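Have a look at the structure first.

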Amino acid sequence: MHHKKQTLGEFIIENQSAFKYSSGELSSLLNSLRLAAKVVNHEVNNAGLVDIIGAVGDTNIQGEDQQKLDVYANEKFIQTLTRRNIVCGIASEEEDDFITINSQDESHQNKYVVLIDPLDGSSNIDVNVSVGTIFSIYRRISPIGTPVKLEDFLQKGSEQVAAGYIVYGTSTMLVYTAGNGVNGFTLNPAIGSFYLSHPNMQFPEYGTIYSVNEGNYIHFPQGIKNYIKYCQEEEGDRPYTSRYIGSLVSDFHRNMIKGGIYLYPQSSKNPNGKLRLLYECNPMAFLAEQANGKASDGFIRIMDIEPNELHQRVPFICGSKHMVEKAEAFMKIT
Ligand code: P6P
């Protein structure tokens with residue numbers, strides 16, 4: 001008996017009641033992300049064909065060459081979210097400041113804000129390696145009926161109501177949580193529907209994959225150096241396998257399925273690490289914890305960090321629970 005897999009749309013509706021704020025808005029917000037994901041996926045998959053490759057010339061706030069696909073993805077997600085009139089504000093890696101969405105009737109009744117990294121790993125676009133979109137959703141804390149404020153975006157990760165990513169890989173998947181576990185949906189491009197392919201995703205508590213840019217080794221804190229040497233020692237289930245794609249979403253996704261740890265530590269080159277707290281580390285930390293994994297900056301839980309700046313960076317260690325705990329132990333003893 002062929003069981004027709006549930007679509008993302010059906011799953012969102014079916015689980016709406018389980019969501020503690022059970023209101024149509026979150027479902028509609030997730031549906032707008034679903035739509036934007038398909039549009040961006042189409043462009044990403046055709047990037048090699050149309051003249052959309054190559055730096056667009058100007059750089060974003062990160063000082064990085066802005067690939068045209070970055071700009072395109074950023075515009076698509078902002079357009080789609082704005083049109084649905086559900087969010088009162090958007091913050092993006094590609095935007096210096098947050099965007100205030102004035103509801104059509106100027107009543108500012110919308111109660112959600114979205115923070116997004118529209119195309120993470122964009123340096124991989126020209127070499128046909130997977131890239132991803134990361135999103136994080138909060139309820140606003142400033143009064144409904146007024147324009148959104150910076151404080152609405154500077155909430156701790158533990159306040160997120162939903163978070164997820166789209167990975168544009170060998171197949172395109174949307175993986176998200178609304179606080180009741182992590183579920184993965186695979187796009188059937190022929191008909192443009194996402195199907196529930198990975199229900200209740202969980203990090204294996206132990207893993208044998210470590211993901212870190214070893215080119216930075218000499219710049220790492222001693223605790224991280226000691227942990228990497230531990231991964232390479234011949235003992236028990238080690239040496240581990242080193243797998244580092246250069247796309248956080250892809251490394252995270254593989255490690256969640258197979259078991260593993262991802263590290264982007266602070267270094268003398270990046271004193272606060274490289275990854276952004278609000279639209280990279282917090283959403284991935286929410287997913288990790290919902291999938292029985294862990295996420296810390298080496299000392300404290302990512303989702304407990306009090307944000308103070310829209311684009312602030314934090315050191316990031318995330319993955320299988322016991323692997324993260326082992327890395328933290330090495331950080332503590334130095
Ligand atoms: P590095 C991509 O730019 C990104 O933000 C993550 O997706 C990725 O894991 C990391 O940076 C790669 O950084 O310095 O190792 O090239």
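## Around the ligand

The ligand sits among Asp120, Gly121, Asn213, Tyr244, Gly246, Ser247, Leu248, Tyr262, Tyr264, Lys274, Leu275 and Glu280 (a residue is near a molecule if one of its heavy atoms lies within 4 Å of it). Keep in mind that this is a predicted model, where local features need pLDDT of at least 70, side-chain atom pairs count only at pLDDT 80 or more, and totals for chains, interfaces and linings use all residues. Residues are numbered from 1 along each chain as its sequence is written, and side-chain values use heavy atoms, with hydrogens and water left out.

By class, that shell has five nonpolar, four polar and three charged residues. Here Ala, Val, Leu, Ile, Met, Phe, Trp, Tyr, Cys and Pro count as nonpolar, Asp, Glu, Lys and Arg as charged, and the others, Gly among them, as polar.

| Residue | Part of residue | Distance |
|---|---|---|
| Asn213 | side-chain N or O atom | 2.9 Å |
| Leu248 | backbone N or O atom | 2.7 Å |
| Glu280 | polar side-chain atom | 3.5 Å |

On its own the ligand has 400 Å² of accessible area, and the protein covers 81% of that (Shrake-Rupley method, 1.4 Å probe).

## The sheet

Strands E11 (residues 209-211) and E13 (residues 261-264) run parallel, joined by two bridges; strands are DSSP runs of at least two residues, and helices of at least four, while two strands pair if DSSP finds at least two bridges between them. The open five-stranded sheet has mixed pairing and the order E12-E11-E13-E15-E14. E12 (241-242) and E14 are the edge strands with a single partner each, so one side of each has no neighbour in the sheet.

## His311

His311 is in the loop between strand E14 (293-296) and strand E15 (316-320). His311 counts as buried because its relative accessibility is 5% (buried means under 20%, exposed over 50%, partly exposed in between). Its side chain makes a polar contact with the side chain of Tyr279 at 2.6 Å, and the His311 side chain also reaches the backbone oxygen of Glu95 at 3.1 Å. A polar contact is a pair of N or O atoms within 3.5 Å; within protein, one must be able to donate a hydrogen and the other to accept it, and residues adjacent in sequence count only if both atoms are side-chain atoms.

Methods:
Buried means under 20% relative accessible area, exposed over 50%, partly exposed in between (1.4 Å probe, protein chains only).
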